[in-house]
Amino acid sequence: MLIKIAWRNIWRNPLRSLVLIAAIVIGVWALIFINGLSSGMVDGYISNAISNRTAHIQVHSLQFERDNEISHCYNGIPVEDFLNQSNKVQSYSPRIIVNSMMLASQSTLGATIIGIDSIAEDSVNPYKSKITEGKSFDSSIKYPILISEYLADKMKVKLHSKLIGNFQNKDGDIVAAKFRVIGLLNVAKGDGQEMNILTPIDGLRSLTGFEDTEVNEMAILMKDVEFISEFQQQLSERFTSLSIKNYKEIAPDINLMGIQIYLGLTVMLVIFMMALIFGIINTMLMAVLERYNELGMLMAVGMNKTKLFLMIVLETIFISIVGLPIGILMGSTTIYIYQQKGLQLDRWAKGLEEFGMTSVLYPQLSLTIYGIIAVSVFITALVAALYPARKVININPIDAINKL
Amino acid sequence: MKTDQPLIQALGIHKTYNHSHVPVQALDDVSIDIHKGEFTAIVGPSGSGKSTLLNIIGGLDHASRGKILIGGQDISNLSDSDLIDFRKNNIGFVFQSFNLIPVLTAIENIEFIMLLQGTSKAKRSKRAIELLNAVGLGDKLHSRPNQLSGGQQQRVAVARALASKPAFILADEPTASLDSQSANNLLDIMQELNQLEQTTFIFSTHDPRVMDRAERIIHLVDGNIEKDSYTNGNIKQPTLKQLP
């Protein structure tokens with residue numbers, strides 16, 4: 001009956017209760033939507049960074065890790081054998097990385113030439129899908145390259161332009177080679193990949209004097225992010241002379257981005273809960289004070305303080321959690337809708353691209369976050385109940401009964 | 001309808017309030033015995049101390065000095081939580097402004113008191129229906145207080161006070177908010193319950209209709225008993241059936 005009384009008490013003043021419930025619904029909806037948006041943003045950023053830059057794991061020689069010198073290469077065959085034996089690896093791509101000075105007819109710019117196996121690289125970094133002009137590599141052109149639209153713009157070159165690359169070979173001698181632009185890539189700016197130049201690994205090997213088995217980098221994509229830590233450990237134990245790093249270690253900005261956004265969301269959650277606490281306390285105090293007389297009567301006829309306290313706590317929790325499922329339903333529906341069609345942020349596309357994000361966001365939210373929001377609202381209600389409930393149990397029944 | 005052993009004994013009750021740091025003597029050495037089955041009215045002008053005495057007898061307030069024995073048990077030194085339990089199991093209250101729980105129906109209001117006592121659902125329902133029938137509201141079981149007249153609400157309040165099978169009922173100005181007809185109906189019911197069940201009623205009132213029905217009238221003036229007299233009471237023939 002205590003539950004019945006508490007529930008019915010909520011509806012004594014329906015307008016007041018509905019205002020608070022509506023505030024909770026809107027708050028929960030907003031929290032879910034903003035969380036979903038941010039999660040989508042972070043996940044998009046991370047998956048962009050993984051597919052475009054870092055893959056899940058990279059393997060380098062220890063010296064290359066330190067000074068980025070082309071000469072610090074290693075035999076890739078044992079690593080490839082190890083990767084081929086694992087069922088947790090989705091794909092991998094051997095790479096040669098050369099820091100070069102690129103010369104065009106009107107400009108000179110430092111860039112990184114990456115020698116890739118066309119098929120293997122596309123399975124790790126789907127570069128073919130980013131070709132906006134031209135085509136991928138074929139054997140008819142000697143030293144073909146793919147460059148970013150940004151680089152083309154900076155160097156004032158276009159499709160089929162020739163570029164001279166100056167760089168060190170494996171022995172430390174400077175070599176020069178003539179490359180031809182066969183395609184332009186649309187890649188996110190701001191994280192350095194716009195300064196990368198892709199070329200077939202065989203051609204670059206011949207220019208740099210690398211053996212067929214030698215590589216500077218092995219980029220590995222796992223079937224699931226859950227496998228990364230364990231597999232990194234296995235690789236480290238097997239290849240002690242190599243540096244094995246995961247994407248968070250390679251590009252701390254990825255992790256930082258996630259942490260910053262989740263920190264922001266936590267602050268937002270706390271602010272919302274604080275506002276909710278005051279809203280609930282205000283409503284409950286009004287509800288309690290206008291029933292002063294009745295509460296005094298309840299104490300007079302033998303309702304003990306524990307039951308009275310519990311009744312007020314139940315009322316507060318009821319009024320708070322009525323809006324919760326509605327808010328969750330509205331929030332999850334909004335996320336579902338935008339998950340299907342994507343949220344167009346064309347207006348901010350340029351800014352987002354600067355940060356390595358796309359202008360179409362696909363919000364998503366894990367069940368854990370829904371759980372956190374639900375539990376937070378519940379705990380907030382519980383905390384907010386304490387003050388009005390404490391006020392009630394301190395009522396003097398005589399004063400209360402005689403109060404008009 | 002008296003027995004030899006007093007049900008309630010107030011022994012040398014003093015009560016002093018601090019009103020804006022000025023001590024106000026509400027009761028000054030009041031001693032009374034009330035026996036089971038008495039239909040007693042405590043009367044007096046405003047400020048005479050009748051409500052204070054009723055509150056102290058009812059365990060709602062503590063005496064500054066003196067003792068209250070209920071059925072031989074001294075309740076003067078009980079803690080607040082023990083007093084709540086004591087009130088729940090021993091005292092029925094009827095208030096001037098009815099004080100029913102507005103979100104509960106008539107039957108639920110009565111059951112609620114028994115729920116506090118831990119009575120089973122089946123027993124609660126049975127007794128609540130019998131009590132509402134006894135006060136003439138058998139057809140209003142599921143009406144909420146706002147669907148009842150003042151007189152009907154007060155009758156529900158009487159039924160509620162009886163629900164816990166208390167040793168006595170304290171009624172503070174029970175007729176003050178009622179019209180004449182409703183007041184007389186209520187007093188009829190209370191008087192009949194008194195006669196049939198030997199239910200002890202103690203009223204605080206200035207209503208002459210209550211005084212007219214009371215067997216005993218205690219006059220309080222300035223916190224002192226000025227007069228304590230037994231009358232015949234204007235007793236009517238009982239029409240109620242005996243309660244289970």
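Guide: Of the 404 residues of chain A, 39% count as buried, a residue being buried if 20 or more other C-beta atoms, placed from the backbone, lie within 10 Å of its own. This is a predicted model, in which local features need pLDDT of at least 70 and side-chain atom pairs count only at pLDDT 80 or more, whereas totals for chains, interfaces and linings use all residues. Residues are numbered from 1 along each chain as its sequence is written, and chains are lettered from A and ligands numbered from 1 in the order in which they are written.

Chain A holds 15 helices and 14 strands, these being DSSP runs numbered from the N terminus (H or I, at least four residues, for helices; E, at least two, for strands). Its radius of gyration is 31 Å, well over the 22 Å that the globule rule gives for 404 residues, so chain A is more spread out than a compact globule; the radius is taken over C-alpha atoms, and the rule is 2.2 Å times the number of residues to the power 0.38. Along the principal axes, the C-alpha atoms of chain A fill a box of roughly 100 × 45 × 30 Å.

Within chain A, the axes of helix H2 (residues 14–54) and helix H12 (residues 305–341) come within 7 Å and cross at roughly 35°, with axes fitted to C-alpha atoms over the stretch in contact and angles running from 0 to 180 degrees between N-to-C directions. The contact of H2(A) with H12(A) has 15 nonpolar, 9 polar and no charged residues, where Ala, Val, Leu, Ile, Met, Phe, Trp, Tyr, Cys and Pro count as nonpolar, Asp, Glu, Lys and Arg as charged, and the others, Gly among them, as polar.

Note on methods. Buried ≥ 20, exposed ≤ 12 C-beta atoms within 10 Å, placed from the backbone.
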